[in-house]
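User: I'm new to this structure and would like to learn how to read it. Could you take me through some of its features, one at a time?

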Amino acid sequence: MGKRVAVVLAGCGVYDGSEIHESSAVLVHLSREGAQAEVYAPNVDQMHVVDHVKGQPTQEKRNVLVESARIARGNIKELTKLDVKGLDALIIPGGFGVAKNLSTWATQGKNCTVSKEVEDVLKAFHAAKKPIGLCCISPVLAAKIFPGCELTVGHDTECEKWPYAKTAETMKELGCKHINKHVTEVHVDMKNKLVTTSAFMCNAPIHEIYDGIGKMVKEVIRLA
């Protein structure tokens, strides 16, 4: 019997939701590992809607669950219905929706709050000693909730290849241990059963991002 893995989405699109390529890579790699993905999202309004051509916010309003359903091909449930007892692991792809719709990281950084629904789910998997996979910006959720945990968002020195490296510094300020890793690598915090990889925190070819996410998924399944 394949592992049952909860995948929590934050909308649809890099600037205001879940990063579509990362979400798709998670689902493809879970399928390849013989695991069953169960997709969830909170039934809340997005912080805002971004025109992905112009990169500018619009006056539109959209719902996180409704938008996430585009990626899930309609096969999705409200996050409040997630029951950790029937699941083996949790994965949260990245995208600015994590920092805007699942938390307030985008506007408040280390002083952010994590949405209660999301925090409850993360704490439930952690308490049950079930593995949690996080990529791109989503490790900030663990940084906020599990002080002292070990994570990677790639590198901690900003450059053209690592444009978001300041995130690592902010996570360190929260008391986490940041481990520098290449985009195709993962870091495993065995004590907290956290598996992290940088994905689009790195300016890398898409196949390298896809491969790194594959390693994250493999490790999550191995630990489940």
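This is a predicted model: local features need pLDDT of at least 70, side-chain atom pairs count only at pLDDT 80 or more; totals for chains, interfaces and linings use all residues.

User: Which residues of H5 are buried?

Analyst: Look for side chains with under 20% relative accessible area. In H5 those are Val118, Val121, Leu122 and Phe125. They sit on the same side of H5, because they cover an arc of only 95° around the axis.

User: And what does the face of H5 turned away from the buried side carry?

Analyst: That face has the exposed residues Lys116 and Ala127.

User: Let's turn to S6, then. How do I read the side chains of a strand?

Analyst: In a regular strand, side chains alternate between the two faces of the sheet. Here, Ala89 and Ile91 point one way from S6, while Leu90 and Ile92 point the other way. All of these are buried.

User: How does S6 pair with S1 and S7?

Analyst: Follow the bridges. S1 and S6 run parallel and are joined by 3 bridges; Val5, for instance, has Ala89 as its bridge partner in S6. S6 also pairs with S7 in the parallel sense, over 3 bridges. There, Ile91 has Gly133 of S7 as its bridge partner.

User: How would I find empty space?

Analyst: Rolling a probe the size of a water molecule over the atoms shows where empty space is left. In this model the largest pocket has a volume of about 410 Å³. Its lining is made of 18 residues, and Val14, Phe96, Cys136, Tyr164 and Phe200 lie nearest the centre. Helix H3 (96-100) and helix H4 (105-108) are the elements that give two or more residues to that lining.

User: Which residues is His29 in contact with, leaving aside its neighbours within four places in sequence?

Analyst: With those neighbours set aside, His29 is in contact with Tyr210, Ile213, Gly214 and Val217.

Conventions:
Residues are numbered from 1 along each chain as its sequence is written. Side-chain values use heavy atoms; hydrogens and water are left out. Buried means under 20% relative accessible area, exposed over 50%, partly exposed in between (1.4 Å probe, protein chains only). Helices (H or I, at least four residues) and strands (E, at least two) are DSSP runs, numbered from the N terminus. The arc is that of the directions from the helix axis to the C-beta atoms. Two strands pair if DSSP finds at least two bridges between them. On a 1 Å grid over the protein atoms alone, a cavity is a set of points where a 1.4 Å probe fits but cannot get out, and a pocket is an open set with protein on both sides within 12 Å along at least five of seven lines; lining residues have an atom within 4 Å of a point. Grid points are joined across faces, edges and corners, and a volume is the space filled by probe spheres set on the points. Contact means heavy atoms within 4.5 Å.
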